[in-house]
Each structure stands twice: as structure tokens, then as C-alpha cells.
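Good morning, and thank you for coming. Please look at the sequence and the structure on the screen while I speak about how the parts of this chain meet.

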Amino acid sequence: MSYMTGFGNEFATEAVAGALPQGRNSPQKPAFGLYAEQVSGTPFTAPRHVNRRTWMYRIRPSVVHEPYVRIDNGLFLSTPFTAVETTPNQLRWDPLPIPETPTTFLQGMRTMAGNGDLTVHSGVAIHHYVCNVSMDDTFFYNADGEMLIVAEHGQLRFLTECGIIDLSPGEICVIPRGIKFRVETSGPARGYVLENYGAPLRLPDLGPIGANGLAYPRDFLTPVAWYEERTGRFSVVAKFQGNLWRGIYDHSPLNVVAWHGNYAPYKYDLANFQCINTVTFDHPDPSIYTVLTSPSEIPGTANMDFVIFPPRWMVAENTFRPPWFHRNFMNEYMGLIKGVYDAKEGGGFVPGGASLHNCMSGHGPDADTYTRMTTAELSPVKLENTLAFMFETRFVCKPTAFAMSSGELQRDYWECWQGLQPEFRAP
Ligand code: FE2
């Protein structure tokens, strides 16, 4: 697949030469009988640096469809997350099994937790996906939020209105609110989805870090225009106000021959992330690992931060190098893409699994890790074969009934800290 580089750029791309108007967004009659359609991802008057919109030149406009009707939401859930009381206990799950029956990306969405209120564009929902077959004649769009997909296992292909994104484990993909797509897979696949009801994800400010660091804009890849001209009977599933609806189309909605703008899907290979960390002592906060952020109206208080813990050198002197024990205002939903996370070397946190540590719930290294890392020889060491991530949110993540009744919930998670014995000896 072909991609264009940059983050939030004004891209211009056409699958047929001459399809993209030059100089005007809305000519009286676009080339080749195409229809012009603008999709606005932000309010019209959003400040320029956060304003997102794209002009599409398509075979049929989006309005051409039969009326939408309600369908079952299945396990793809939304705010308010009030089905079960939220526990202050630390929670952890084994990976969800990939079904043996045919299951598409959309059918395989399993909502684990969420917060906020999608009707006021605040908060998130956190899902795991498990799938094994392609969405061929079914498409999806999400009016409730943008979707950040974290691939953990298997290959996915996102065929979107703006073009095609191939996604491998270790990469992430963001589908903006409202953009239609379907997902193909050649076999079993699994991963995580952050549904962001808030402000669109953007690169964090770098402050004293300066002009270089963390995720580089040039490493974000947006697909070139691509379209399919298919007629038949297709389902477009819309997620709207927390419910799923289905509209019947007599054509594929992936019929955008050319487009230009800065509102489009993109992907990013997490291996390109440049880590900042101490080269003297102590343990900086995980905000140094922020890949993308969805800011809220309160400065420094993100609706959601996407944070990763990639392979990296650990060099701090006379320092406990994994995260120390901590309790936070922010709420931490973690997943593991591969390897071992350095605070959980005692096992139990495995690729495809997840943990949730909510507001002021104590957590930190398990007893095995504590013992090893308080006695280790502190030479520079490179953490290899590891890639963990965190969806960090400002509101408490409320687990769903599915998550709390799941056979994958580790009901003995609390025991991993019980070996931490008192070691205090008064002088
Ligand atoms: Fe934490």
C-alpha cells in the first residue's frame, strides 16, 4: 500500500488522474461526474491548528441509502457504564479467546470498560477485538468517537473511504469519527481499541524537550486515495449515541476517487518512537512516553493519553528502575503487545491481556520484581522483547458486566503483592 507522511497535514490524493479539482473545493461540476462532499471532524470555527476537514470527490454522496434501523449492540457498549458497581480493586485479565466460529472485527468487539459521557464528547470506551474473518459486504462508521486500534496478534487491512491501511502487531491505526471502513483479515487477529469521545488525538507538546523527540510527525502514514466501484446490497453499521444502527446501501461507500484535507485515517509503527528518559537517576512519570493525546478543557488533564513502554536502555544510577509503588489521580488501562512488562516479571500480564488500576488504587511491581530489582547489579541494560501500552484517562474506567464476569478476569491478581513483607528495621 502507498502512504503519505506527516501528522495532520493538508494531504491531496487522487486514484484517477484529474479527479481532484485544482484550486477550488466545490466546482460547479467536479471531474468525471463525481460528487463533492465535505466531512468536518471539528466545529467549523475550531482554531486553525486543531481544525480538521476533508473534501471528498466520490461516485455517490453519503446521503444515498435506505433508512437506518436499530440492531443489537452485542458486546459493543457505550456510556454510561453503570451495569456494575466499579470496584477500587486492581483488575487484570488474561487474553480473550479468539472465537472458532466466523467472527468479523465488528462482531468481535468486546467492551471492557469506559467513562465519561459520549453525548458531551467526553471520556472513552475501551474494547478488545477478536476476529478471524473479513467484513466483505458490511461497513462501519462511528459517530460517537474516533477509534485507536492497537494490533497485538494477526494482520488486519482497513479499507477506508480515504484509502487502505495494512496493520501489523506493533503498529497502531486511528480511524477518525465518522469515516467509513471495513476490515479484512487473513486469519485470527486480536488487539485493543480505544474509542475516544473527546478531542481528536494529536501529538503532545514537547515543552523543554524541544523540537525533536517522542513520535515524529514524518512517521505517521496516511493512505493514498483508493476506491471500489461495487453495486449490490451492503450493510453500513453506524454507531450513533451508543447504539448500533444498520443502513442498506446499493453500492460500496468506499467510493471516494480523490480527496484532500487533514481529516483522514493514519497509522504509526511504535518502533519509531524516540524515548526520553533519565540518564542520571530517578524515575520520571510515564507521560514521557506519550505517543498521542486527547486534551480536555483543563490544561494538562488529558481526556486520554496513549502511552507506550517500548524496548529501551535503562541506565539510571542507584535507582529502582521499574515503576515504584504508586497511586494516581489518572486511571490506567494497560495492555501488552509482546514480551514481558518490566514491573510484572512475576508473570500473569501476558500479550493480549490487560490490567486496570483506577484512581488512587495502589499498584506497582509484583513481589518477585521488587525482590529482584532492589538487589540487582545496576549496569546499563537494554530492555528487549517488550512492548506494553497504557490508555490513561482522567475519569475512572468503569468495567462492563462482560469484563467483570469474564472467565479471563484474574480473581487472584491481588496475591502478586502479598509477598511484600515488612523489611523495616529501626536503627
Ligand atoms: Fe501505574
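Predicted model: local features only at pLDDT ≥ 70, side-chain atom pairs only at ≥ 80, totals over all residues.

Between domain 1 and domain 2, about 5100 Å² of area is buried, and carbon and sulfur atoms give 65% of that. Buried area here means the accessible area, taken with a 1.4 Å probe, that two parts lose on being put together, summed over both. The size of an interface is often given in this way, as the accessible area lost when the parts come together.

Residues are numbered from 1 along each chain as its sequence is written, and side-chain values use heavy atoms, with hydrogens and water left out.

Where do the domains lie in the chain? Domain 1 covers 11-270 and domain 2 covers 272-416; these bounds come from an automatic or database domain assignment. Domain 1 gives 60 residues to the contact and domain 2 gives 55 residues, where contact means heavy atoms within 4.5 Å. The C-alpha centres of the two domains are 27 Å apart.

What kinds of pairs cross this interface? There are 31 residue pairs in polar contact, with both residues at pLDDT 80 or more. A polar contact is a pair of N or O atoms within 3.5 Å; within protein, one must be able to donate a hydrogen and the other to accept it, and residues adjacent in sequence count only if both atoms are side-chain atoms. The number of salt bridges between the domains, by contrast, is 0. For a salt bridge, a side-chain nitrogen of Lys or Arg must be within 4 Å of a carboxyl oxygen of Asp or Glu.

Let us turn to one residue, Arg394. Arg394 sits in the loop between strand E27 (386-393) and strand E28 (398-399); strands are DSSP runs of at least two residues (helices, H or I, need at least four), numbered from the N terminus. Is Arg394 buried or exposed? Its relative accessible area is 10%, so Arg394 is buried; buried means under 20%, exposed over 50%, and partly exposed in between, with a 1.4 Å probe and protein chains only. The side chain of Arg394 makes polar contacts with the side chain of Ser122 (3.4 Å) and with the side chain of Glu297 (3.4 Å). Beyond four places in sequence, the residues in contact with Arg394 include Phe329, Met330 and Asn331.

Finally, the salt bridges. The structure holds 15 of them. In one, the side chains of Asp144 and Lys239 meet at 2.9 Å, N to O. Asp144 is in the loop between strand E9 (138-142) and E10, and Lys239 is in strand E17 (residues 231-240), so this pair ties together parts 95 residues apart in sequence.

Lys239 also meets Glu195 in a salt bridge, at 2.8 Å, N to O. Glu195 lies in strand E15 and Lys239 in strand E17, so parts 44 residues apart in sequence are tied together. Lys239 has a relative accessibility of 0% and counts as buried; Glu195, also at 0%, is buried.

A further salt bridge joins Glu152 and Arg190, whose closest N and O atoms are 2.7 Å apart. This pair links strand E10, which holds Glu152, to strand E15, which holds Arg190, 38 residues apart. Both Glu152 and Arg190 are buried.
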